[in-house]
Amino acid sequence: MEHNLGAIDMVIGAKGSPLQLVLASVLHLDNPTGNISYNEAKKIAKSRMIKSAVPISYGDNYKGFRIVGTTNKFYNFYHATLNKGKKNKKPMEVVLGATVAKQLKLNVGDTFFSSHGMVENDIDIHNEKLTIVGILKPTKKVIDRLIITHLESIWEVHNHHEHQDNNEDEVHSTNHNTENYTIEHEDHEEKQITSLLVSFKNPRGLLTFPRKINKSTNMQATLPKYELERLSEYTGIGFTTISWIAYLILLISGMTILISLYKMVKERAFDLALLRSYGASNLQLIKMVAYEGIIIATIAFVIGFLLVKIGLRIVFNFMNSGYKQHILQEVSFYNILNAGLLVFVMILLSITLAIYPIIKMNISTILSHEK
Amino acid sequence: MVQTNKLTFQYKKDEHTFSFPDINLKENENVLILGKSGIGKTTLLHLLAELLKPTTGKVTINNLDLDSLSNNTLDIYRGKHIGLVFQKKHAVQSLSVIDNLKARLMFSKRKIDTVAIERLLEQLGLLDYKNKRILALSEGQLQRLGIALSVVHCPKVVLADEPTSSLDDENCTVVMELLLEQAKQTNANLIVITHDQRVKPFFTNTITL
């Protein structure tokens, strides 16, 4: 999960549950706690301790993938680079994360209408057309599953609603349409954003900054790393149990390999003694047993790995129906390497134990009991 | 040339000591060793192949004292120069007939000559079975394969442990004739150890334990 944080050290958002703020603004899983003033956020962003502060605003989705209004600095958090097209410059232009583009089969130049809310729905669809101008390279981070656009796009889409409502109630906005763009700009000062993602120049900021904001403003600042650690403490018991079960299964399979190799050595004791009488050395016999063990285990590992891959794919597809973001990431290369190494040690141990009878083998006794 | 000198063997200290009469075979000479069960026939055979180390005495093949060899060189020497024929099990179950013969040559570090192997199989009436699994062979065929395995690498000595005891009269005759013939072809000394009286007429040299 921490991998997903990118370079985000702190999140500033509306008061509420800090965990919710992190889940919503960093992992894009939960609903936001509320909005904060863009003006105030900008004031905070001016602090000398802050390396970069990126506003984000959201509330729409397309087919379940969240549309995030932000600035171009957002990409830097994830070291995301373009695969195709260009970055969004004007309002109503969007850039797709790699997974979004792949799953929805969208390409540069395509257009779509966003719908209101976090979950896919067909009822509350906005009228503004969004145009895809770029697609990102896969990062294996949360950004793969996001649709990124300029802050203005989100405001524009939503303001339109408000303006239409205003027109019905109020009379004074006669030349509203012609002045639309300037009004937008004046309005900028009163704009709301969902949260501000912050990275510090040095870790000292982590200690003092959140307290200052929580005390002196009506916003809250929270540290994603800390909140996610807390979360994994809550869910930790489950994860620990599962990993213990996994290790237990690994141990049992290691023992199974040991037993089958040992049985093979015992059952074929006569054959092995026969080979010894042919002039085979102990080492040659040990190599035979070792190769057998390694071949069996390698095949098992490959099959197991494929099953896990397929199984996870199925589970992900199953769970993905509503939210398009998920906490679980695909099995990484590091995990596979780790598991592979463990299996390898297990096999080595099994082989060492299984070849013991070969080393102790008394050819004469075995050959004289051929019946 | 096989010679033994005052061979005795004890499985464990303070247990019964087997002592064996001396054997002295010149080139191309064969011998039949007859004895009842439990008298130490297999022990003698294993002493001759140096699968067991004698408690006292020594075994000499072509003037080489086997006792003087280290374990590793002994393994190699045994693989190269001694052929063993067993009573029932002869070959590695998971390999085919021809692969068993090839493995035999490979492990004794001899050149694998497929033509020679096929000629040998033909002489023993096994050529049609060369790609068969061991389990698919009959008892008589298996015993013939056992002979093939004991001579394929041109050993100096062929040692046969009860090669006929599980065979009927007809197969007994076939197997003994083939064994003698193959030993002669490879210039090996043949030593047969058995309790089977049917084998007696095939030998001029007999030692009774």
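The model is predicted. About 1900 Å² is buried between chain B and chain A, and the contact draws on 20 residues from chain B and 17 residues from chain A.

**Buried area**
- Carbon and sulfur atoms give 60% of the area buried between the two chains.
- On the side of chain B, the residues that lose the most area to chain A are F86(B), K89(B) and F107(B), which together account for 31% of what that side buries.

**Polar and charged pairs**
- One salt bridge is counted between chain B and chain A.
- The salt bridge joins R276(A) to D75(B), with the closest N and O atoms 2.7 Å apart.
- Five residue pairs are in polar contact between chain B and chain A, both residues of each pair being at pLDDT 80 or more.

**Composition of the chain B side**
- Two or more residues come from each of α1 (41-48), α2 (71-81) and α3 (97-107) of chain B on the side that touches chain A.
- Three residues come from α2(B), the largest share of that side.
- By residue class, the side of chain B that touches chain A comprises eight nonpolar, seven polar and five charged residues.

**Helix α9 of chain A**
- Helix α9 spans residues 269-277 of chain A and is mostly covered, with nine of its nine residues buried.
- Among the buried residues of α9(A) are F270(A), D271(A), L272(A), L274(A) and L275(A).
- R276(A), the salt-bridge partner of D75(B), is also one of the buried residues of α9(A).
- G279(A) follows α9(A) and has a positive phi, near 110 degrees.

Key. Residues numbered from 1 in each chain as written. Chains lettered and ligands numbered in written order. Predicted model: local features only at pLDDT ≥ 70, side-chain atom pairs only at ≥ 80, totals over all residues. Heavy atoms only, no water. Contact = heavy atoms within 4.5 Å. Buried area = accessible area lost by both parts, 1.4 Å probe. Salt bridge = Lys/Arg side-chain N within 4 Å of Asp/Glu carboxyl O. Polar contact = N/O pair within 3.5 Å; in protein donor to acceptor, adjacent residues only side chain to side chain. Helix = DSSP H or I, 4+ residues; strand = E, 2+ residues; numbered from the N terminus. Nonpolar A, V, L, I, M, F, W, Y, C, P; charged D, E, K, R; others polar. Buried < 20%, exposed > 50% of the residue type's maximum accessible area, 1.4 Å probe, protein only.
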